[in-house]
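Colleague: I'm new to this one. Can you walk me through it?

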Amino acid sequence: MPLSPGTRLGPYEIIGAIGAGGMGEVFRARDTKLNRDVAIKVLPSAFADDPERLARFTREAQTLASLNHPNIAAIYGIEGSVPSTSSGTSVPGAEPVEAPVLALVMELVEGEDLSVHIARGPIPMAEALPIARQIAEALEAAHEQGIVHRDLKPANIKVRSDGTVKVLDFGLAKAMGLRQAQPPGDTDAELVEASPTMSRHMTEAGMIIGTAAYMSPEQAKGKTVDRRTDIWAFGVVLYEMLTGTRLFGAKDVSETLAAVLTREVNVASLPPGTPSRLKALVRDCLIRDSKQRLRDIGHARIEIARIETGGLDSGESTSSTVAAAVVPTWRRALPWTLVAALSIALISALWAPWRPTPVPTPRRLLTSIGADASLTGPGTAALSPDGTTLAFTALQAGQSRLFVRKLDQLHAVALAGTEGANIPFFSPDGQWIAFFAGGKLKKVSVTGGAAVILCDAPSPRGGTWTEGGAIIFTPTNTTLMRVPAAAGTPSAFGTFDQAAVTQRWPQALPGDKGVLYTETSATGLWENANLVITPVAGGTPRSPSAAVTTAGTCRVVT
């Protein structure tokens, strides 16, 4: 059912259409309760007329909603209501909608489909391997919970600008039980790409499901499927990423299914320079007999990770490497090795008392943020608790924004919805970044998405995220406040000395042993700044065993 911009489904306001496929039309919408953008998949009207199908779908959707993985697009809920406009009046030019609409509310994933990426040609090995590994990680997480995708294809895989992969529509083939008929006489090639899900009852054996070009042979025959059908589809997708061509391309659905069942898969057609171990992996995924096919996608994930890191040479096997390590002459070299090691240890011990103490030298941290952004001007930065990710603010189009960079990569990515960001800090698990912007305290996922407003913070002076799920911050340049990380009403944190005028720059101590912050008095301000520690759970504040009174100096206190 087409929905015009401005139409409301419960708390969701339609912004515009995203696309359509065999499993329904997809729209971008605004969650007016949580102030975030979501994807709304409007399901076929047949659900409203079939209580049994609706009940089955609801059960399956509840299972799918339990999936929580960074490479799987999340399902937020099911919305069933009569569409309306936010004003209660009709939308100009919109078709009248009176029938109830059943919709699935999902995470909105920005970025392009993998199919668009493949259409530009073969994906370089350095890009293809991380994408394939993340797809395998998503499948592995779902399979461990007994969930099979059943419709894995490039169009159901999104690649964000930072390289993060999100697999969409997990398990919906089983949950929805749809049948999309082929128009009589229509043999257009695009029908094969969108040939979706062709079953009236997805959970029953003998019914064909999936998208034709990516179906496993057992799917094409209408047999019962398990996780090995996803492994087949994974192999097809991996082949197409490396070659830039369709493995089972044909002009219509019937010819495509015939190719799936009979066409020889030749891994020799993979690009020159493809590691032999990767060729073997593609071959093992595309064995037609499911009993002989690779049985666990986790093995594919491990193999790809080893190839990424250059584990074994592309032409070596594990057994040959072990055999090469056993050299008959090792016993003759062992005594001289021990003598050399003891000599080095002795020289080190004698030299130690006279060795000068090394002085650490600051190193320049290079990063790339794009031609339209600049690191000039006021900026703040924060390092994730595990030391792998840097969050910092920089100017883009004359406005401060929040950027995220993995320290093993050069390129930093701007997070959407962080205009005016300042003073970022990480959650203890490193999955969220809190920051201040527009007089508010907000948080955003490190992988992107809509920023969530937590509370007001008109004149912030720092914040910190405790392991217990609270954020301690200074909202108005006076006393510290506490607010739940999930949003809520701020409350006072700790006590405020009568001689003090401001508490600033809090920092949670490991293990939630307390919060360290700066407290200043009315006179001399910075000359009378003291460090104070207050227990996270409340209690009497105390000062560390050393004080900091000199501005511009970095010191360590206990």
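Colleague: What should I know before we start?

Modeller: This is a predicted model, where local features need pLDDT of at least 70, side-chain atom pairs count only at pLDDT 80 or more, and totals for chains, interfaces and linings use all residues. Residues are numbered from 1 along each chain as its sequence is written, and side-chain values use heavy atoms, with hydrogens and water left out.

Colleague: Salt bridges, then. How many salt bridges does a search of the whole structure find?

Modeller: The search finds 20. A salt bridge here is a side-chain nitrogen of Lys or Arg within 4 Å of a carboxyl oxygen of Asp or Glu.

Colleague: Pick one. What does lysine 166 form a salt bridge with?

Modeller: Its partner is glutamate 107, with the closest N and O atoms 3.2 Å apart. The pair links distant parts of the chain, 59 residues apart. Lysine 166 is in strand 10 (residues 165-167), and glutamate 107 is in strand 7 (residues 101-107). Helices (H or I, at least four residues) and strands (E, at least two) are DSSP runs, numbered from the N terminus.

Colleague: Is that pair buried or exposed?

Modeller: Both lysine 166 and glutamate 107 are buried. Buried means under 20% relative accessible area, exposed means over 50%, and partly exposed is in between (1.4 Å probe, protein chains only).

Colleague: Where do glutamate 137 and arginine 133 lie?

Modeller: Both are in helix 3 (residues 125-144), four residues apart, which is about one turn of the helix. Glutamate 137 is partly exposed, at 22% relative accessible area.

Colleague: And what about aspartate 151 and lysine 153?

Modeller: Their side chains form a salt bridge too, at 3.9 Å from N to O. Aspartate 151 is buried, with 5% relative accessible area. Lysine 153 is also buried, at 8%.

Colleague: Which residues are linked in a network of salt bridges?

Modeller: Arg28, Arg30, Asp37 and Glu110.

Colleague: New topic: strand 14. Why is it largely enclosed by the rest of the structure?

Modeller: Strand 14 (residues 399-406) has eight residues and six of them are buried, so the rest of the structure largely encloses it.

Colleague: Which strands sit beside it in the pairing?

Modeller: Strand 13 (residues 389-396) pairs with strand 14 in the antiparallel sense, over eight bridges. Strand 15 (residues 413-414) also runs antiparallel to strand 14, joined by two bridges. Two strands pair if DSSP finds at least two bridges between them.

Colleague: What about the turns?

Modeller: Strands 13 and 14 form a hairpin with two residues between them. Alanine 397 in that turn has a positive phi of about 55°. Glutamine 396 stands opposite glutamine 399. Strands 14 and 15 form a hairpin with six residues between them. There, valine 404 stands opposite valine 413.

Colleague: On to the largest pocket. How much space lies in it?

Modeller: About 1200 Å³. On a 1 Å grid over the protein atoms alone, a pocket is an open set of points where a 1.4 Å probe fits, with protein on both sides within 12 Å along at least five of seven lines; lining residues have an atom within 4 Å of a point. Volume is the space filled by probe spheres set on the points, which are joined across faces, edges and corners.

Colleague: Which residues are closest to its centre?

Modeller: Of the 44 lining residues, Glu107, Ser445, Gly448, Gly449 and Ala450 are the closest to the centre. Glutamate 107 is the salt-bridge partner of lysine 166.

Colleague: Last one, aromatics. How many aromatic pairs does a search of the whole structure find?

Modeller: Four. Rings of Phe, Tyr and Trp (its six-membered ring) pair if their centres lie within 6.5 Å; planes under 30 degrees apart are stacked, over 60 edge-to-face, and the rest tilted. Phenylalanine 425 and phenylalanine 436 form a tilted pair, 6.3 Å centre to centre with 50° between the planes.

Colleague: Which residues form one aromatic cluster?

Modeller: Phe425, Phe436 and Phe473. Phenylalanine 425 is buried at 7% relative accessible area, phenylalanine 436 at 3%, and phenylalanine 473 at 0%.
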